[in-house]
Amino acid sequence: MKLFNSALVATGLFLSGSALAHVGLSDSMPANGSMVSQAPTTLQLTFTAPVRLVKLTMQDEKQQSIPLTLPSSATSQEAFSFSLPALNAANYTVNWMIMSDDGHKMKGNMSFMLHNAGMNTHSATPMSMDHDTKEHTEHQ
């Protein structure tokens, strides 16, 4: 019986360690692999278990880094949210390194594409007020 209990404890420890070692990204906003037409103002990452975010980088397709600020809290949490600067149309890759509560470090990444559509990249030609002014004076 003592051998059975020892084997059961050892199996439980092995399985719990294996489960914690497989913490990963469960959701993100923008979604991984998505093509968005509006520039996101925040980046949200949700993991399958509470983790500490150790490293986070974001780059466009030209390897230009997008500045992000890591949370100052050292407590583990499942969801993180970051404000994004104004983004141009490009492919973006977000790389992270997380640490689970048992000390396992894991790396991962996600990506999304920002299209030109919906972005305010075109400047409008200023309207001339001559026509409106002329009509306005005719009615007076």
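Visitor: How many aromatic pairs does the structure hold?

Guide: This is a predicted model, in which local features need pLDDT of at least 70 and side-chain atom pairs count only at pLDDT 80 or more, while totals for chains, interfaces and linings use all residues. Residues are numbered from 1 along each chain as its sequence is written, and side-chain values use heavy atoms, with hydrogens and water left out. Rings of Phe, Tyr and Trp (its six-membered ring) pair if their centres lie within 6.5 Å, and planes under 30 degrees apart count as stacked, over 60 as edge-to-face and the rest as tilted. The structure holds 3 such pairs. One of them, Phe47 with Phe80, is edge-to-face, at 6.1 Å centre to centre and 75° between the planes. Because Phe47 lies in strand 3 and Phe80 in strand 4, this pair ties together parts that are 33 residues apart in sequence; strands (E, at least two residues) are DSSP runs, numbered from the N terminus.

Visitor: Is Phe47 buried or exposed?

Guide: Buried means under 20% relative accessible area, exposed over 50%, and partly exposed in between (1.4 Å probe, protein chains only). Phe47, at 1% relative accessibility, counts as buried, and Phe80, at 5%, counts as buried too. Phe47, Phe80 and Trp96 form one aromatic cluster.

Visitor: What should I look at around Asp60, which is buried yet has no salt bridge?

Guide: A salt bridge is a side-chain nitrogen of Lys or Arg within 4 Å of a carboxyl oxygen of Asp or Glu; Lys and Arg count as positive and Asp and Glu as negative, with His and the chain ends not counted. For Asp60, the nearest side chain of opposite charge is Lys62, 6.4 Å away. The Asp60 side chain does, however, reach the backbone nitrogen of Lys62 at 2.9 Å, and that of Gln64 at 2.9 Å. Leaving aside neighbours within four places in sequence, Asp60 is in contact (heavy atoms within 4.5 Å) with Ala90, Asn91 and Tyr92.

Visitor: Which backbone features deserve a second look?

Guide: Most residues other than glycine have a negative phi, and most peptide bonds are trans. Gln63, which is not a glycine, has a positive phi of about 65°, and Gln63 lies in the loop between strand 3 and strand 4 (77–83). The peptide bond from Met29 to Pro30 is cis, with omega near 0°, and Pro30 is found in the loop between strand 1 (25–29) and strand 2 (34–36).

Terms used. A polar contact is a pair of N or O atoms within 3.5 Å; within protein, one must be able to donate a hydrogen and the other to accept it, and residues adjacent in sequence count only if both atoms are side-chain atoms. Helices (H or I, at least four residues) and strands (E, at least two) are DSSP runs, numbered from the N terminus.
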